[in-house]
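Trainee: Hi! Could you walk me through this structure while I have it open?
Mentor: Happy to. Ask away.

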Amino acid sequence: MIMKHIMPWMIGTVTVCAAATLAFGANEMLPGQVDFGAFAPPKGEGEFVEVNVPTGLITLAALLVEKEQPDVAKLLNGLKLVRVNVIGLDAENRAAFQTRAQKIREDLAGKGWERIVTAQQKEQDVSVYLKMADKGAVQGLAAVVIDGKEHAVFVNVVGDIKPEQLAMLGDKLHIDPLKEIGKTTQKPQHKSKEKVEE
Amino acid sequence: MEYVMPMSQTGVPPLLPWLASNGVVPHGWTPPGTSAGTPSRRVFRIRAWYVVLALVLCLPLLGAIGITGYFRLSSPTQALRSSVIESVPGQWDKRFAGRVGGLTLGLVWFISHFFNMPPEAEAALAALHGAEVGVYNLHDAPSTLDYSAMFLAADKRMRRLGWERTVGVARGRQFVAVYMPRNLRTVKRMACCVAVLNEEDLVVASARGNLQPLIELATQHLGDPCERAHQLVVDGTPGLFRRGF
């Protein structure tokens, strides 16, 4: 008799717990992962590129280069996710993306991400951030770029990566924006000077 | 109490009665290879004929299903095609839809052993477990396309089937979406589903297979396998990744 009353409650509790676990699990983010939010393609002829390379594909890329380029394979094996968004800017969305980029920068700074590169030249604004674990290991890298009035670029690499390895990663995964940011990070001093001169 | 099996004079145990008499066992079942025209044997024959008849009748049906299978797309490819088509207003015409499954490719792979084929082709055949492609044409296309709605619809449908978007590109009148299974963990069970809309032509394609033979071949013979793979796969859609900022 008692069981008859208790059973529905037990089933209900278990169902709620399972649903909550699933819901939280689905939103669980890796250390070093950044939630840039969803990006919508611009209306009209604007450009939109989204690349989301999951662990499985990175492992495949590592397998491909394992014998000939073990250092690259080692780098790739240390990564868990690569996400790149390139959004073309036009009169409609330019202001919104500039505001959004600024907000993401502030969020990153507030969440303990270390800003390691700031390059401002003419209308190009590049910021690269690193997320470090307590023991000094790199957990992830994020880059926010506003390229003049043409593009906004958001990059998140989850895993052990150094900024100077970005160009190599972009080269191996054939993602040009990564290569471009990599080049920027390799000569930040020069660009910072230009900012001061301006 | 001790039981002693009766032995013949040659020292060999005698055959069971129904085997020795080449007749019918008391419960009616007739062992194969015996010859007797008893009613119980007729029952067995009738059952066998039923099976043969069913097979004969089913063969054309199975054949028809098999043949139509060559022109039917699998559910992920269908879902991707439908989501794109439903997101773009206009009149869509099917140009072609074809599919080659594991059985056919296995047969081709088996037959290829009788011919002297280059190792690259053999590896490709061994790697590919299935492939399909559909080509569609859009009439009365709208002047601007809502790529956001197209990605949303495709993502929603594909996510339900366990696929995640890996690449999304929209530029001008070009739209590309590449999906891969969410639980992709091994190169032995790779799968990929792609939709490419260029002006008024839509191509949806998918392939699945084991990339291990191709990787082995690539690491043995080709220079930079990543570069080669990129040339083969990405350069097919020129300029998609070759954009700086």
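Trainee: What stands opposite F48(A) in β3(B)?
Mentor: That would be A170(B). Keep in mind that this is a predicted model.

Trainee: And how do the two strands there pair, parallel or antiparallel?
Mentor: Antiparallel: strand β1 of chain A, residues 48-53, and β3(B) are paired over four bridges.

Trainee: OK, zooming out. How many residues does the contact take from chain B and from chain A?
Mentor: Chain B puts in 30 residues, and chain A puts in 33 residues.

Trainee: Which elements give two or more residues to the side of chain B that touches chain A?
Mentor: In chain B they are α6 (147-160), β3 (163-171), α7 (212-221) and α8 (225-233). Of these, β3(B) gives the most, with seven residues.

Trainee: What's the split by class on that side of chain B?
Mentor: On the side of chain B that touches chain A there are 16 nonpolar, eight polar and six charged residues.

Trainee: Nice. Switching to strands within chain B: which strand does β4 join up with?
Mentor: Strand β4 of chain B (residues 174-181) is joined by six bridges to strand β5 of chain B (residues 190-198), and the two run antiparallel.

Trainee: Last topic, helices. At what angle do α2 and α3 of chain A pack?
Mentor: About 165°, with the axes 8 Å apart; α2 of chain A is residues 55-65 and α3 of chain A is residues 70-77. α2(A) and α3(A) are therefore roughly antiparallel to each other, since the cut-off for that is an angle over 145 degrees. The crossing of α2(A) past α3(A) is left-handed.

Trainee: Which residues meet there?
Mentor: From α2(A) you have I58(A), A61(A), A62(A) and V65(A), and they meet V72(A), A73(A), L76(A) and N77(A) of α3(A). By class, the contact of α2(A) with α3(A) has seven nonpolar residues, one polar and no charged.

Technical notes:
Residues are numbered from 1 along each chain as its sequence is written. Chains are lettered from A and ligands numbered from 1 in the order in which they are written. This is a predicted model: local features need pLDDT of at least 70, side-chain atom pairs count only at pLDDT 80 or more; totals for chains, interfaces and linings use all residues. Two strands pair if DSSP finds at least two bridges between them. Axes are lines fitted to C-alpha atoms, for helices over the stretch in contact, and angles run from 0 to 180 degrees between N-to-C directions. Angles under 35 degrees count as roughly parallel, over 145 as roughly antiparallel, 65 to 115 as roughly perpendicular and the rest as oblique. A crossing is left-handed if the near helix is turned anticlockwise from the far one by less than a right angle, and right-handed if clockwise. Two residues are in contact if their C-beta atoms, placed from the backbone, lie within 7 Å. Ala, Val, Leu, Ile, Met, Phe, Trp, Tyr, Cys and Pro count as nonpolar, Asp, Glu, Lys and Arg as charged, and the others, Gly among them, as polar.
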